Amino acid sequence: MSASILKLHNVTIFQETEPILADVNIDIHKGEFIYLIGKTGSGKSSLMKTLYADLDLKQGEGVIVDYDLRTLKQNDIPFLRRKLGIVFQDFKLLPDRNIFENLLFVLKATGWTNEVDMNTRIEDVLDRVGMLQHIRKMPHQISGGEQQRVAIARALLNDPELILADEPTGNLDPQTSVEVMEVLQQINQNGRTILMATHDYALLLKYPAKTLKCDEGKVFEVVQKTV
């Protein structure tokens with residue numbers, strides 16, 4: 001079996017001072033596609049935020065893309081996030097910049113300096129998600145599904161080892177959700193590891209994969225038919 005890309009051992013996830021998930025044990029290997037499901041308030045987003053160090057890991061052991069979450073220093077967080085691709089439900093595109101400028105902003109913020117390299121990388125990731133033709137459009141000029149494709153392209157900029165997708169289809173209609181899911185599936189088939197939090201059980205049926213569920217303060221694996 002390939003090496004772990006994410007491993008949590010006896011972890012407790014907190015929302016402020018309140019424990020919301022206890023005794024969390026997760027082991028995700030390179031190349032896997034994993035769903036994370038659960039009701040609103042069950043701890044999915046808090047778990048995701050802990051993984052990309054928006055929330056501190058206060059209890060238990062956690063290693064993600066070779067970073068120890070317990071001993072992570074504040075100035076290490078940008079380096080951790082360069083090894084992660086994060087896709088949010090609400091796209092988080094900057095409304096005052098076009099698609100190219102949105103992605104250029106991320107590259108500059110993560111240390112890229114060569115203009116030719118940056119242009120090539122932006123065109124490459126947009127091409128991979130079928131959005132190259134919209135490179136000069138503003139976010140408001142494209143649909144929600146297209147904005148999410150751009151957000152996925154943004155997550156791919158630094159060739160991440162692990163993609164954390166937090167409800168990436170939550171604001172999309174069913175057909176557009178399938179289109180975005182096809183993009184994520186292709187990225188996974190090309191070797192990227194993906195952990196996707198979702199409420200969309202129709203996607204789980206259409207694209208079966210290992211599924212973790214947050215429920216009653218625990219995280220456990222479920223078989224597909226009981227979801």
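I take contact to mean heavy atoms within 4.5 Å. The model I am looking at is predicted.

**Entry 1: I122**

I looked up the partners of I122. I left aside its neighbours within four places in sequence. That leaves I122 in contact with F100, L103, L104, L107, I135 and L157.

**Entry 2: the cores**

Next I asked where I122 belongs. I find I122 in the largest nonpolar core, which has 41 residues. Together with L126, I152 and M196, I122 touches the most other members. As a general point, nonpolar side chains tend to be buried together in soluble globular proteins.

**Entry 3: positive phi**

I turned to backbone angles. D159 is not a glycine, yet its phi is positive, about 50°. I place D159 in the loop between α5 and β7. E167 is another residue other than glycine with a positive phi, near 55°. I place E167 in the loop between β7 and α6.

**Entry 4: exposure of these two**

Is E167 buried or exposed? I read 8% relative accessibility for E167, so it counts as buried, the cut-off being under 20%. For D159 the relative accessible area is 44%. D159 is therefore partly exposed, since that class runs between the 20% and 50% limits.

Technical notes. Residues numbered from 1 in each chain as written. Predicted model: local features only at pLDDT ≥ 70, side-chain atom pairs only at ≥ 80, totals over all residues. Heavy atoms only, no water. Core = buried A, V, L, I, M, F, W, Y, C linked by side-chain atoms within 4.5 Å. Buried < 20%, exposed > 50% of the residue type's maximum accessible area, 1.4 Å probe, protein only. Helix = DSSP H or I, 4+ residues; strand = E, 2+ residues; numbered from the N terminus.
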